[in-house]
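Subject: Structure for you to look at

Hello,

Here is the structure I said I would pass on. My notes follow below it.

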Amino acid sequence: MSGGKVSFIDSKGYPVIFMILITMLFIGILATFYHATIDRISIYQEISYRKALLDLFGLPQDNIEADYSNYIRKIVKDNIQYYEASRDSNLIGYAFEIKGNGLWGTITALIAVNQDITRLLKIEILSQNETPGLGGRITEKWFKNQFSNKLIWEDGALIQFNLVPENEEISDSQIRQITGATSSSKAVVDMIFRNLQKINEKMDLTND
Amino acid sequence: MTKKQIFITSAFTENSVWKQILGICSALAVTNIMMNSLVMGLGVIFTLALSSLSISLIRNYIPRRVRMMVQTLIIASYVIIVDIFLKAYFPEISKSLGPYVGLIITNCIIMGRMEAFAAKNRPVEAMIDGIGAGVGYTLVLLIISFVRELFGFGSLFGLQILGGWWTNWSIMVMAPSAFFMLAILIWIIEGPLAARRSARKV
């Protein structure tokens, strides 16, 4: 505008007002989109968690909802939360959610043990931020399956697994590590060992 | 420039990666598996196209002093939409890409196209330019990941191609190999190929 008068678009307040309006507009779009998908995301997360639990105990997964309520019971006792799996009123074992430090962030996993906590049944990695293609391979089947049916308790002590190179044969207490991802492989093994120690202490107390 | 020329310029002639050396960080990070590269590329194309369109639509109203803030805000919004969309509809891919989707926000190509093109051109042209730059970027990711996945895992898009006789090259899985591949790609395009093209013109 002429005559020395500053037009609105050149005024000092304009950028502030513009920023506020555009922020509100885009936050609004995001909030709408988020609300439209949040249910879908949380349902998926819940289902995949239950599916993982059923899978750990080798239970059927034809109807996740029904099978889960048939076989699995969530128990919260003395500051410890775990899942108890039973089939035809026979106890199969317990599952625990565990956490540990990976190379880049926290690794979360589910581990299942047999009823007297002497054997691992299976493990499942729930979340991790390891290097894709290297440490990220801790989610690969061959790596996870090495932990299946591993003896963890012998002569009154917890067994610590040793790591051996990826293509070597392994004995009972050994785990093949991922080539190029020693730290991530070690992180998983350590995480399992440390949490099993805790679980042993706590579960002993609860059994007494 | 016609719309076709805009597309070809931004996708090939002035390709963001091999001509302007932008977007290198993500080109190194996600290119060891083809599937991740493809999804990453599609995410960038989507973000570029819509950010360009939005910026261009309001280009005459954006105050100059805060234009970068506005661009970042708009880019970030579209990236979060991509992230949520993948989480809701392609949870497996979302899981394997992890934090990289969010990092599209910091992809220099996007900010570069906003400043260089979208802020000065009409919406449709801006969108075509955005898609072009995204396609050019995706092309580079796919070429690099093709070589890296093939030599690093013996597979393409997760399908085993090379048999048991093949020994995987671990270096191809790790980030340094992306540097070599990218350098070789730029050399091929800017060296021998460019020389042949100019020889033909003369």
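Which residue in S5(A) is the bridge partner of A:Ile111? In this predicted model, the partner is A:Ile123. Another pair links A:Leu110 with A:Glu124 in S5(A).

These pairs belong to a run of six bridges between S4(A) and strand S5 (residues 120-127) of chain A, and the two strands run antiparallel. S4(A) and S5(A) form a hairpin with five residues between them. In that turn, A:Ile117 has a positive phi of about 50°.

Strand S4 itself covers residues 106-114 of chain A, and eight of its nine residues are buried. S4(A) is also joined to strand S3 (residues 90-101) of chain A, by nine bridges, again antiparallel. There, A:Gly100 has A:Ile107 of S4(A) as its bridge partner. The hairpin from S3(A) to S4(A) passes through four residues.

Now the whole sheet. It is open and has five strands of chain A in the order S1-S2-S3-S4-S5, with antiparallel pairing. Strand S1 (72-77) and S5 of chain A are at the edges and have a single partner strand each, so one side of each has no neighbour in the sheet. On average, neighbouring strands are turned by 25° against each other, direction ignored. In general, strands of a sheet pair through backbone hydrogen bonds.

Last, the helix. Helix H1 (residues 13-56) of chain A lies across S1, strand S2 (80-87), S3, S4 and S5 of chain A. Helix H1 runs at about 160° to S5(A).

Regards

Note on methods
Residues are numbered from 1 along each chain as its sequence is written. Chains are lettered from A and ligands numbered from 1 in the order in which they are written. This is a predicted model: local features need pLDDT of at least 70, side-chain atom pairs count only at pLDDT 80 or more; totals for chains, interfaces and linings use all residues. Side-chain values use heavy atoms; hydrogens and water are left out. Buried means under 20% relative accessible area, exposed over 50%, partly exposed in between (1.4 Å probe, protein chains only). Two strands pair if DSSP finds at least two bridges between them. Axes are lines fitted to C-alpha atoms, for helices over the stretch in contact, and angles run from 0 to 180 degrees between N-to-C directions. Contact means heavy atoms within 4.5 Å.
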